[in-house]
Amino acid sequence: MVLRGESHPAHKLTEEQVKAIRQLWSIGHRNMKVLAQNNKVSPANIRRIVRNETWTHLLVGEFNQYQ
């Protein structure tokens with residue numbers, strides 16, 4: 001069993017935060033540093049989220065929404 005998202009013991013974000021980050025990115029908020037500071041994670045973490053490299057399990061049925 002693979003632990004993903006909030007079920008992983010080392011998670012720093014909630015599913016709602018990830019969805020909000022992707023939503024902000026899709027409407028044009030392009031400052032990763034500000035998104036990172038607001039969510040208390042690194043800019044690299046934000047970059048991986050908006051590139052759909054992490055939290056991919058949230059993309060099922062929503063894939064085109066964040067492209």
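**Entry 1: the model and the chain**

I note that this is a predicted model, in which local features need pLDDT of at least 70 and side-chain atom pairs count only at pLDDT 80 or more, while totals for chains, interfaces and linings use all residues. Residues are numbered from 1 along each chain as its sequence is written, and side-chain values use heavy atoms, with hydrogens and water left out.

I looked up the elements of the protein chain and found 3 helices and 0 strands. Read from the N terminus, their order is α-α-α. Of the 67 residues in the chain, 28% are buried (under 20% relative accessible area; exposed is over 50%, partly exposed in between; 1.4 Å probe, protein chains only). I also looked up the contacts (heavy atoms within 4.5 Å) in the chain. Among those with a separation of 6 or more, 56% join residues 24 or more positions apart.

**Entry 2: Leu35**

Is Leu35 buried or exposed? Leu35 has 2% relative accessibility, so it counts as buried. I listed what Leu35 touches, leaving out residues up to four places away in sequence: Ile21, Leu24, Trp25, His29 and Ile46. For Trp25, 10 residues from Leu35 along the chain, I noted a C-alpha separation of 9.2 Å.

**Entry 3: H1 against H2**

How do H1 and H2 run relative to each other? I found that helix H1 (residues 15-26) and helix H2 (residues 32-39) pack at about 160 degrees, with their axes 12 Å apart. The axes are lines fitted to C-alpha atoms, for helices over the stretch in contact, and angles run from 0 to 180 degrees between N-to-C directions. The two helices are therefore roughly antiparallel (over 145 degrees; under 35 is roughly parallel, 65 to 115 roughly perpendicular, the rest oblique).

On the H1 side of the contact I listed Gln17, Ile21, Leu24 and Trp25, and on the H2 side Met32, Leu35 and Asn39. By class, this contact has 5 nonpolar, 2 polar and no charged residues. Nonpolar covers Ala, Val, Leu, Ile, Met, Phe, Trp, Tyr, Cys and Pro; charged covers Asp, Glu, Lys and Arg; the others, Gly among them, are polar.

**Entry 4: H2 against H3**

I then turned to H2 and helix H3 (residues 43-50), whose axes come within 8 Å and cross at roughly 105 degrees. That angle makes H2 roughly perpendicular to H3. From H2, the residues in the contact are Met32, Lys33, Leu35 and Ala36; from H3, they are Pro43, Ile46, Arg47 and Val50. I noted the classes in this contact as 6 nonpolar, no polar and 2 charged residues. Leu35 is listed in the contact with H1 and also in the contact with H3.

Which residues does the side chain of Arg22 reach? I found Arg22 in helix H1, and at 3% relative accessibility it counts as buried. The side chains of Arg22 and Asn52 are joined by a polar contact of 3.3 Å. A polar contact is a pair of N or O atoms within 3.5 Å; within protein, one must be able to donate a hydrogen and the other to accept it, and residues adjacent in sequence count only if both atoms are side-chain atoms. The side chain of Arg22 also reaches the backbone oxygen of Ile49, at 3.1 Å.

Asn52 lies in the segment after H3 and counts as buried, at 15% relative accessibility. Its phi is near 60 degrees, which is positive in a residue other than glycine. I found Trp55 in the segment after H3 as well, with a positive phi of about 55 degrees although it is not a glycine. At 13% relative accessibility, Trp55 counts as buried.

Thr54, also in the segment after H3, counts as partly exposed at 24% relative accessibility. Leaving out residues up to four places away in sequence, I found that Thr54 touches Arg22, Arg48 and Ile49. I ended with Gly5, which is 49 residues from Thr54 in sequence but 8.9 Å from it in space, C-alpha to C-alpha.

Terms used
Helix = DSSP H or I, 4+ residues; strand = E, 2+ residues; numbered from the N terminus.
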